[in-house]
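Please look through the sequence and the model below before reading on.

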Amino acid sequence: MLLPDKAVLVSLLRRYRVWEHLALAAPHDPARRRRLEDAGYTLCVLMGHRTAREAVIAAETYLDTTARATARAPETAGESLSRQ
């Protein structure tokens, strides 16, 4: 499965959260709701999920998992060099 670029995903999640906050502040504003729905739809497409909530959870999990793997990678490389 192809995974989205992390920088694009971070930007889209940030945009989604901003529009979510704005839509909650003015729930009867159709423009804000439409922008939130657009950001949610894009997240759904990128993450392969049917609802925005599932897509947000999957995106956050993906970013968290890759961040932890990246943080561990230098330690692993250093350990393998010291064993040689």
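A helix here is a DSSP run of H or I with at least four residues, numbered from the N terminus. Glu 20 sits in one of these, helix 1. Keep in mind that this is a predicted model.

**The overall fold**

The protein chain has three helices and zero strands. Read from the N terminus, its elements run α-α-α. The chain holds 84 residues, and 25% of them are buried. Now take the contacts between residues at least 6 apart in sequence. Of these, 56% join residues at least 24 apart.

**Helix 1 against helix 2**

How do helix 1 and helix 2 pass each other, in a left-handed or a right-handed crossing? The crossing is left-handed. The two axes come within 8 Å and cross at roughly 150°. Angles over 145 degrees count as roughly antiparallel, so helix 1 is roughly antiparallel to helix 2.

From helix 1 they include Val 8, Leu 9, Tyr 16, Glu 20 and Leu 22. From helix 2 they include Leu 36, Gly 40, Leu 43 and Leu 46. By class, the contact has 14 nonpolar, two polar and three charged residues.

**The nonpolar core**

In soluble globular proteins, nonpolar side chains tend to be buried together. The largest nonpolar core of this model has 17 residues. Leu 9, Leu 13, Tyr 16, Leu 43, Met 47 and Ala 59 touch the most other members. Helix 1, helix 2 (30–47) and helix 3 (52–83) each give two or more residues to this core.

Helix 1 covers residues 6–25 and holds Val 8. Leu 22 has its place in helix 1 as well.

| Residue | Relative accessible area | Class |
|---|---|---|
| Val 8 | 44% | partly exposed |
| Leu 22 | 26% | partly exposed |
| Glu 20 | 16% | buried |

Why is Glu 20 called buried? The cut-off for buried is under 20% relative accessible area, and Glu 20 has 16%, so it counts as buried. Glu 20 is also in contact with Leu 36 and Arg 53, leaving aside neighbours within four places in sequence.

Two C-alpha separations complete the picture. Val 8 and Leu 46 are 38 residues apart along the chain, and their C-alpha atoms are separated by 9.9 Å. Leu 22 and Leu 36 are 14 residues apart along the chain, with their C-alpha atoms separated by 8.7 Å.

Notes: Residues numbered from 1 in each chain as written. Predicted model: local features only at pLDDT ≥ 70, side-chain atom pairs only at ≥ 80, totals over all residues. Heavy atoms only, no water. Buried < 20%, exposed > 50% of the residue type's maximum accessible area, 1.4 Å probe, protein only. Core = buried A, V, L, I, M, F, W, Y, C linked by side-chain atoms within 4.5 Å. Axes fitted to C-alpha atoms, helices over the stretch in contact; angles between N-to-C directions. Parallel < 35°, antiparallel > 145°, perpendicular 65-115°, else oblique. Left-handed = near helix turned anticlockwise from the far one by under 90°. Contact = heavy atoms within 4.5 Å. Nonpolar A, V, L, I, M, F, W, Y, C, P; charged D, E, K, R; others polar.
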